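Subject: Structure for your files

Dear colleague,

Here is the structure I said I would pass on. My notes come after it.

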Amino acid sequence: MSARSVVIVGGGLTGALAALSLARDGHRVQLYERRGDIREAEVVRGRSINLAISTRGLTALERVGLKETALEISVPMRGRQMHDPSSRLSFQRYSGNEDDKIYSISRGELNRILLAEADRSDLVTLHFHHRCIETDSDQSSVTFIDDRSGDQIVASGDLIIGADGAFSAVRSSLMIGDRFDYQQDYLSHGYLELYIPPGPEGAFRIEKNALHIWPRNTFMMIALPNDDGSFTGTCFWPLDGQYSFDQLKDPDQVRRFFQKWFPDVPDLVPDLGEQFLAAQPSSLVTVRCRPWVVGNTVLIGDAAHAVVPFYGQGMNAGFEDVRILCECLEAHPGNQKAALVSYEELRIDNGHAIAGLALDNFHEMQDHVASRWFLWTKKFSNLLQKILPGWYRPLYSMVSFSNTPYTEAIEIHRKQQRVLKYSLIIILAALIGAVFWIVRNR
Ligand SMILES: Cc1cc2nc3c(=O)[nH]c(=O)nc-3n(C[C@H](O)[C@H](O)[C@H](O)COP(=O)(O)OP(=O)(O)OC[C@H]3O[C@@H](n4cnc5c(N)ncnc54)[C@H](O)[C@@H]3O)c2cc1C
């Protein structure tokens with residue numbers, strides 16, 4: 001191993017894990033984060049914003065010995081609990097394999113754990129309130145403003161990592177260079193989070209081990225459990241027009257709207273109108289760019305591939321970037337260029353693939369999951385997985401419960417669909433032939 005000096009821009013989930021992973025591999029890391037230290041921020045109990053972590057994320061955490069810690073603070077979810085407009089419930093398992101679960105985890109708590117672990121290493125220095133304003137990939141340097149003093153500082157390293165999220169300043173600097181492709185697409189929908197408090201003595205007032213969905217065709221709400229019995233609900237609605245955030249202006253109107261479309265929610269959220277109107281909906285963006293590596297500068301996480309949250313894979317994919325980047329550096333000791341080429345080859349198409357899958361799942365979640373046909377196809381798919389475990393792997397399982405590259409998962413899925421389609425045609429033709437033969441020879 002040849003140790004490098006690394007500058008990481010961004011101390012969110014991906015940047016913090018990158019700092020920890022690289023330090024564990026013996027590299028010296030300087031991490032710069034625009035905000036203050038999240039570990040010093042007041043934690044408002046029960047106001048957790050949560051995320052679903054699955055196999056890819058857990059595999060990356062396992063590499064730094066934090067998988068069990070993450071599981072301890074998370075709530076397993078076995079499937080989707082659908083709430084129809086009459087408050088009828090139906091449950092849909094994520095997988096035919098009983099052990100397959102995704103886990104709801106607090107974003108803030110996970111970020112704090114990663115920063116604390118990174119901070120424990122002598123090889124990591126954390127700098128907060130430092131905002132990146134530009135990078136110079138030729139000089140391998142980054143310029144920051146210390147937002148408390150206004151001072152400008154320049155940091156340099158063998159490797160610069162842009163982990164500064166969807167609106168990355170590192171990526172903006174790279175875009176000024178030649179032949180940098182960039183595409184940014186906003187969804188017509190935004191999101192707004194609602195806190196669903198626990199019942200008496202921390203009881204879960206709706207099914208604990210499920211991701212709850214209220215699909216309503218062009219808009220929906222979801223809720224993920226927190227370990228204190230509360231849930232974080234998220235409304236994904238259009239930003240304007242029919243059934244949009246824009247239409248609800250006072251608490252009574254909000255309550256009436258929920259009573260009509262999400263009738264079991266008002267009882268779960270006593271201050272529904274006030275909460276709803278106090279929050280501002282946020283927008284949802286997909287970012288695709290190419291290349292992810294320019295000289296000694298590399299993009300990871302949302303800086304490389306911001307995706308809409310409907311497959312629950314944004315952070316998972318970012319964590320996978322970190323694992324694979326570290327493995328590439330390990331596989332090419334003393335040859336950083338080869339390591340970065342390899343990282344880009346292994347990741348970039350997969351980043352674009354998960355962006356597409358996440359958009360597809362948006363339509364599945366807000367609309368298709370409510371249909372009987374969809375429920376039956378899911379049941380059939382889970383059954384096939386049980387009886388043909390070596391051959392049949394549903395796409396959702398490959399994405400959420402394996403480390404199979406996203407592009408490969410899509411390829412396998414297409415192949416399986418083709419085989420299933422032709423098998424069904426052959427079975428149907430054989431049945432029709434048999435009926436015809438029986439009728440003729442009676
Ligand atoms: C509503 C919603 C639900 C989601 N649910 C899931 C889920 O269930 N599962 C999942 O896997 N993913 C989910 N995601 C996606 C996930 O949140 C992101 O993919 C993940 O947070 C990306 O981490 P990151 O560290 O790359 O970027 P970020 O979390 O955006 O962190 C970037 C960091 O860089 C800092 N920064 C920004 N600019 C600068 C600068 N100029 N200088 C220095 N620092 C800077 C920021 O302050 C921040 O700390 C969801 C996203 C949303 C919006």
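This is a predicted model: local features need pLDDT of at least 70, side-chain atom pairs count only at pLDDT 80 or more; totals for chains, interfaces and linings use all residues.

Sheet. Six strands form an open sheet with mixed pairing, in the order β8-β2-β1-β12-β19-β18. Its edges are β8 (124-127) and β18 (293-294), each of which pairs on one side only. Strands β12 (residues 159-162) and β19 (residues 297-299) run parallel and share 3 bridges; Ile161 has Val298 of β19 as its bridge partner. Helix α1 (residues 13-24) lies across β1 (5-9), β2 (28-32), β8 and β12, at about 165° to β2.

Phe319. This residue belongs to helix α10 (residues 314-331). Its relative accessibility is 0%, so Phe319 counts as buried. Beyond its neighbours within four places in sequence, Phe319 is in contact with Leu13, Thr14, Leu17, Ile53, Gly57, Ala60, Leu61, Leu110 and Leu114. Ile300 is 19 residues from Phe319 in sequence, with 8.7 Å between their C-alpha atoms.

Salt bridges. The structure holds 21 of them. In one, Arg63 and Asp25 bring their closest N and O atoms to 2.9 Å. Arg63 is in helix α2 (residues 55-63) and Asp25 in the loop between α1 and β2, so this pair ties together parts 38 residues apart in sequence. Arg63 is partly exposed at 26% relative accessibility, while Asp25 is buried at 16%.

Glu98 and Arg93 also form a salt bridge, at 4.0 Å from N to O. Both residues are partly exposed: Glu98 at 47% relative accessibility and Arg93 at 23%.

A further salt bridge joins Asp147 and Arg131, with 2.9 Å between the closest N and O atoms. Asp147 sits in the loop between β10 (141-146) and β11 (152-156), and Arg131 in strand β9 (residues 130-136), so the pair links parts 16 residues apart in sequence. Asp147 is partly exposed at 37% relative accessibility, as is Arg131 at 32%. Elsewhere, salt bridges with shared partners connect Arg56, Glu320, Asp321, Arg323, Glu327 and Arg347 in one network.

Surface patch. Phe380, Leu383, Ile387, Leu388, Trp391 and Val419 make a nonpolar surface patch of about 550 Å². Helix α12 (residues 372-387) supplies the largest share of this patch, 3 residues. Phe380 is in helix α12 and is partly exposed, with a relative accessibility of 43%.

Regards

Conventions: Residues are numbered from 1 along each chain as its sequence is written. Side-chain values use heavy atoms; hydrogens and water are left out. Patches are made of residues with over 30% relative accessible area and no salt bridge: like charges are joined within 9 Å, nonpolar side chains (Val, Leu, Ile, Met, Phe, Trp, Tyr) within 5 Å. Accessible areas come from the Shrake-Rupley method with a 1.4 Å probe; for residues, only the protein chains shown count as cover. A salt bridge is a side-chain nitrogen of Lys or Arg within 4 Å of a carboxyl oxygen of Asp or Glu. Helices (H or I, at least four residues) and strands (E, at least two) are DSSP runs, numbered from the N terminus. Buried means under 20% relative accessible area, exposed over 50%, partly exposed in between (1.4 Å probe, protein chains only). Two strands pair if DSSP finds at least two bridges between them. Contact means heavy atoms within 4.5 Å. Axes are lines fitted to C-alpha atoms, for helices over the stretch in contact, and angles run from 0 to 180 degrees between N-to-C directions.
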